[in-house]
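Try each task before you read its solution.

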Amino acid sequence: MPGKSLENMHVAVLAGGHSAEREISLNSGKNVVVALKEAGYTSVELLDTAADDFMVTMATGGFDVAFIAMHGAGGEDGAMQGAMETLGIPYTASGVLASACGADKEVSKLLYAKAGIPVAPGLALEVGDEVDIDHIVEVCGERCFVKPAVSGSSYGISLVHEPSELPAGIAKAFEYGDKVLVEKCIEGTEITVGVYGEDDVRALPIVEIRKPEDCEFYDLDVKYVDPTDIHRIPAQISPENYARAQELACAAHKALGCLGISRSDFIVSEDGPVILETNTIPGMTDTSLYPDEIRHTDDMTFPQVCDSLIRMGLRRAGIAC
């Protein structure tokens, strides 16, 4: 790429794939394409990674950089990042290891705990494990969440109210992967905190998730409706909890080894923020949380952030820009 300006680079926006979040990813990719063109990039191509000839296209298409706008398995878990490393194509956001650790909720919880970030009591189950209901209740309580350990966008999640509901919740979660996480239901205000940056990271304005009265948690029915109906920015929490949540989101970003962007979800309990998970490639749709946070900053726009993510990816690959 010597001598080629950033604006004239051939950019591949990678989206789609085979995960349960395929359609969301395609919408994220379309939004990124628009943003990059607004930022001045003239050669931007949206590629569906589920296409049979995708790898051939990437290897022979003359792409200078890949903007990964994928969510879930095969895109956010290090697999696509590894493919780009193999092809020698610079790419955006976190690398292979950080992506893999962030995608696995059990692994990420271990890293959070080591970094001193509060986590909910819980345990993991793998296919073939004996399910001890009494032990689960002892660790997680009767009211708990059951979720796939490697998934996103609330796919496969159940809120269990009593032990008799656990088998069905576990079976549902196993439909989305080979490992399931059961966690105590922490009561409080649900918030999400975006993080942006390279060496010096910053937390974005916190979003409070205001779910409808007839919805028990932030599920798929709520997640992609008009953000003005469910997102409150800034979050209405105490100044102490606000500052603490932003501090913890940056700590989670660093604990996982993320680059460029991440978004961590928390429950603000009476004892303070408790982390739920970190998304290393947050949704980029019009109704997604991360773009909504960017809109509430004074010094950044979504096109600027997309542009800077490409620059960060190039620098990681040793390309001056």
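This is a predicted model: local features need pLDDT of at least 70, side-chain atom pairs count only at pLDDT 80 or more; totals for chains, interfaces and linings use all residues.

**Exercise 1. The overall picture**

Task: find how many helices and strands the protein chain has, and check its radius of gyration against that of a compact globule.

Solution. 
- Step 1: counting the runs gives 12 helices and 13 strands in the protein chain.
- Step 2: for 321 residues, a compact globule would have a radius of gyration near 20 Å. The protein chain comes out at 19 Å, so the two agree.
- Step 3: for the extents, the C-alpha trace spans about 65 × 45 × 35 Å along its principal axes.
- Step 4: turn to burial, where the cut-off is under 20% relative accessible area. Of the 321 residues, 55% are buried.
- Step 5: take the contacts between residues at least 6 apart in sequence; 69% of these join residues at least 24 apart.

**Exercise 2. Two helix pairs**

Solution. 
- Step 1: two packed helices are described by the angle between their axes and the distance between the axes.
- Step 2: on the α1 side the contact uses Asn-31, Val-32, Ala-35, Leu-36 and Glu-38, while α12 brings Phe-302, Pro-303, Cys-306, Asp-307 and Ile-310. Sorted by class, this contact of α1 with α12 has 7 nonpolar, 1 polar and 2 charged residues.
- Step 3: Cys-101, Gly-102 and Ala-103 of α4 touch Lys-105, Val-107, Ser-108 and Leu-111 of α5. The class tally for α4 with α5 is 4 nonpolar, 2 polar and 1 charged.

**Exercise 3. A threonine in a strand**

Task: is Thr-192 buried or exposed, and which side chain does its own side chain meet in a polar contact?

Solution. 
- Step 1: locate Thr-192 in strand β8, residues 189–197.
- Step 2: its relative accessible area is 1%, so Thr-192 is buried.
- Step 3: the polar contact runs from the side chain of Thr-192 to the side chain of Asp-265, at 2.6 Å.
- Step 4: leaving out residues up to four places away in sequence, Thr-192 touches Ile-206, Val-207, Ile-209, Arg-263, Ser-264, Asp-265, Leu-289 and Glu-293.

**Exercise 4. Loop residues**

Task: where are Thr-280, Ala-93 and Gly-72 found?

Solution. 
- Step 1: Thr-280 sits in the loop between β13 (272–279) and α11 (289–295). With a relative accessible area of 2%, Thr-280 is buried. Beyond four places in sequence, its contacts include Ala-93, Ser-94 and Gly-102.
- Step 2: Ala-93 belongs to the loop between α3 (79–87) and α4. Ala-93 counts as buried because its relative accessibility is 5%. Its phi is near 65°, a positive value in a residue other than glycine.
- Step 3: Gly-72 is placed in the loop between β3 (65–68) and α3, and its relative accessible area of 9% makes Gly-72 buried. Setting aside residues up to four places away, Gly-72 touches Ser-19, Glu-21 and Asp-77.

**Exercise 5. A cis bond and a helix residue**

Task: which residues does the cis peptide bond with omega of about 0° join, and where does Gln-246 lie?

Solution. 
- Step 1: the cis bond joins Ile-233 and Pro-234. Pro-234 is in the loop between β11 (231–232) and α10.
- Step 2: Gln-246 lies in helix α10, residues 239–256.
- Step 3: apart from neighbours within four places, Gln-246 is in contact with Val-193, Ala-203, Leu-204, Pro-205 and Ile-206.

Key:
Residues are numbered from 1 along each chain as its sequence is written. Side-chain values use heavy atoms; hydrogens and water are left out. Helices (H or I, at least four residues) and strands (E, at least two) are DSSP runs, numbered from the N terminus. Buried means under 20% relative accessible area, exposed over 50%, partly exposed in between (1.4 Å probe, protein chains only). A polar contact is a pair of N or O atoms within 3.5 Å; within protein, one must be able to donate a hydrogen and the other to accept it, and residues adjacent in sequence count only if both atoms are side-chain atoms. Contact means heavy atoms within 4.5 Å. Ala, Val, Leu, Ile, Met, Phe, Trp, Tyr, Cys and Pro count as nonpolar, Asp, Glu, Lys and Arg as charged, and the others, Gly among them, as polar. The radius of gyration is taken over C-alpha atoms; the globule rule is 2.2 Å times the number of residues to the power 0.38.
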